[in-house]
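Let's walk through this structure together, from its strands to its core and on to its chain end. Have the viewer open and follow along as we go.

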Amino acid sequence: MTVGDATVGVVVRPGADDRFDQWAAYRHPDGMVVFVAQGAYDRQTSASPLPFTARELATLAVDQRLHLG
């Protein structure tokens, strides 16, 4: 998925892997990789629908506030 000038990898409902329903990954130009994930179940209550759309998750992955390098 493209967010601004960045290309972000996004996975939505990755088959048999039930750890996350969606995740996004972005490698910054300096090599730092940011992963952002969400799932519908947090052991307390189920979240339906998911809090973020796939595009919003991708946008979070490129957010400079999460670039800790």
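Helices (H or I, at least four residues) and strands (E, at least two) are taken as DSSP runs and numbered from the N terminus, and two strands count as paired if DSSP finds at least two bridges between them. What you see is a predicted model, in which local features need pLDDT of at least 70 and side-chain atom pairs count only at pLDDT 80 or more, while totals for chains, interfaces and linings use all residues. Residues are numbered from 1 along each chain as its sequence is written, and side-chain values use heavy atoms, with hydrogens and water left out.

With those terms in hand, start with the overall layout. The protein has one helix and five strands, and from the N terminus on its elements run β-β-β-β-β-α. Three of the strands form an open sheet in the order β3-β4-β5, with antiparallel pairing. Its edge strands, β3 (9–12) and β5 (33–38), each pair on one side only. Neighbouring strands in this sheet are turned by 10 degrees against each other on average, direction ignored; axes here are lines fitted to C-alpha atoms, for helices over the stretch in contact, and angles run from 0 to 180 degrees between N-to-C directions.

Now look at how β4 and β5 meet. Six bridges join β4 (residues 22–27) to β5, and the two run antiparallel. A24 has V36 as its bridge partner in β5, and W23 stands opposite A37 in that strand. The hairpin of β4 and β5 has five residues between the strands, and there G31 takes a positive phi near 95 degrees.

Which strands does the helix touch? Helix α1 (residues 54–62) packs on the sheet and touches β3, β4 and β5, its direction making about 35 degrees with that of β4. Contact means heavy atoms within 4.5 Å. Leaving aside residues up to four places away in sequence, L57 touches Q22, W23, A24, V36, Q38 and F52.

Buried means under 20% relative accessible area, exposed over 50%, and partly exposed in between (1.4 Å probe, protein chains only). A nonpolar core is a set of buried Ala, Val, Leu, Ile, Met, Phe, Trp, Tyr and Cys residues joined through side-chain atoms within 4.5 Å. The largest one has 11 residues in all, among them V3, A24, Y26, V36 and L57. The elements that give two or more residues to this core are β4, β5 and α1, and α1 gives the most, with four. In soluble globular proteins, nonpolar side chains tend to be buried together.

Finally, turn to charge and the chain end. A salt bridge is a side-chain nitrogen of Lys or Arg within 4 Å of a carboxyl oxygen of Asp or Glu, and a search of the whole structure finds one. R65 forms a salt bridge with D63, their closest N and O atoms being 2.6 Å apart. R65 is exposed, with a relative accessible area of 67%, whereas D63 counts as buried at 18%. L68 lies in the segment after α1 and counts as exposed at 74% relative accessibility. L68 and M32 are 36 residues apart in sequence and 8.1 Å apart in space, C-alpha to C-alpha.
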